Amino acid sequence: MRGLPKIKVNFEYEKKKKEKAVKIPKAHVYNLGRVRKIVLIIVLGLFLYFSYVLFLANAIAQKNKVLRQNVTTLTKKLDEASAGTTSYNPIVGQYLGSFVTKYYTFDKNKSDDWLKDVTAYFAKNLTLSNSTNTENMKLTQAKLNGIFTVDSVKTAQYTLTIETKGKTNTVVVNVPYTQENDKLTVIGLPYVANEVDSVGQVGKARFDKTGKTLNDETATTKIQKFSRQFIQKYVSSSTKDMSLLMSDPVGLDNAVDLVSLEDSDIKVTGSKEKPIVTAKITVKVHGTDIMQVQTIYLELKQQASTYFVTKFLQA
């Protein structure tokens, strides 16, 4: 049957793709108890940290306080230790002796001359007027007690005898000054103070190590005689002349006059062959009425019938 149409059946079909499931992100659920613990731990950590910082700060502050106290104590001891260590210096004695003589000798009728004289001793930044003193006065005696330091400032202390209004008064004053080589300058007005020990701690430490008193009366008398002659020569002779009597020669060459030296002021210790002598003397700056007390320490060595000075200290 040629005339019948052919039927063509297409069995092809489109395969349906499987749809992928959409992932929905899970919601974060916080455990409030856990959060509280974390916050508490953080707060506690911060508290401990700041407590530690505060502890360190307090410890440092306390340490600094102790250090400041130690510095103050050591400074005070240093000031005390340096007392009298240069009191025998003729340059200082003469300069400051001349200053206190002029400063404490005042005539109201010559106030301008007084101002001119004393201004030359002071530092340029100090201003004086002729009204600094208002009463006539005259310095009759001055004794240098010692030279020491106050707050790191060199200070000379004097005991002064002053006549004013027909009366005699004794007063202790400090004179602050500075020194560069042989040039001195007064850097503050003299002020009244308590008397200090001119020997000082260093002087005491070295002078006290003298041993037992020598009980040999004959030897003691001989040593005292030599010591007296040595001190008289030291005051009046040059350094060159002293080379025959001591290992490290030094002499004041009449810069001062010996006022007093008694046997009772000469203490002898040690042995007959190597005696140790400590003596207290009073000297006056040559050409003035300025006096000062000095302590002298001698270590001697016997040579034949006399002695030789192996060590010489002053304060």
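## Reading burial and surface in a predicted model

Reader: Where do I start: how much of this protein counts as buried?

Author: Keep in mind that this is a predicted model. Buried means under 20% relative accessible area. Here, 34% of the 315 residues count as buried.

Reader: What can contacts tell me about residues that are apart in sequence?

Author: Take the contacts between residues at least 6 apart in sequence: in this protein, 53% of them join residues at least 24 apart.

Reader: Let's pick a helix. Which residues of H3 are buried?

Author: Helix H3 covers residues 111-119, and its buried residues are Ser111, Trp114, Leu115 and Val118. Looking down the axis of H3, you'll find these buried residues within an arc of 100°, so they line one face of the helix.

Reader: Which exposed residues sit on the face of H3 turned away from that buried side?

Author: That face carries Asp112 and Lys116, both exposed.

Reader: Now the surface. What share of it belongs to carbon and sulfur atoms?

Author: The accessible surface of the protein is about 21,600 Å², and 56% of that belongs to carbon and sulfur atoms.

Reader: Which residues form a nonpolar patch there?

Author: Ten names to find: Ile38, Ile42, Leu46, Tyr49, Phe50, Tyr52, Val53, Phe55, Leu56 and Ile60 form one, with about 1,000 Å² of accessible area together.

Reader: Let me zoom in on Phe50. Where is its place, and is it buried or exposed?

Author: Phe50 lies in helix H1, residues 32-81. The cut-off for exposed is over 50% relative accessible area, so Phe50, at 52%, counts as exposed.

Key. Residues numbered from 1 in each chain as written. Predicted model: local features only at pLDDT ≥ 70, side-chain atom pairs only at ≥ 80, totals over all residues. Heavy atoms only, no water. Buried < 20%, exposed > 50% of the residue type's maximum accessible area, 1.4 Å probe, protein only. Helix = DSSP H or I, 4+ residues; strand = E, 2+ residues; numbered from the N terminus. Arc of directions from axis to C-beta. Contact = heavy atoms within 4.5 Å. Areas by Shrake-Rupley, 256 points an atom, 1.4 Å probe, with all protein chains shown as cover. Patch = residues over 30% accessible without salt bridge, like charges linked within 9 Å, V, L, I, M, F, W, Y side chains within 5 Å. Salt bridge = Lys/Arg side-chain N within 4 Å of Asp/Glu carboxyl O.
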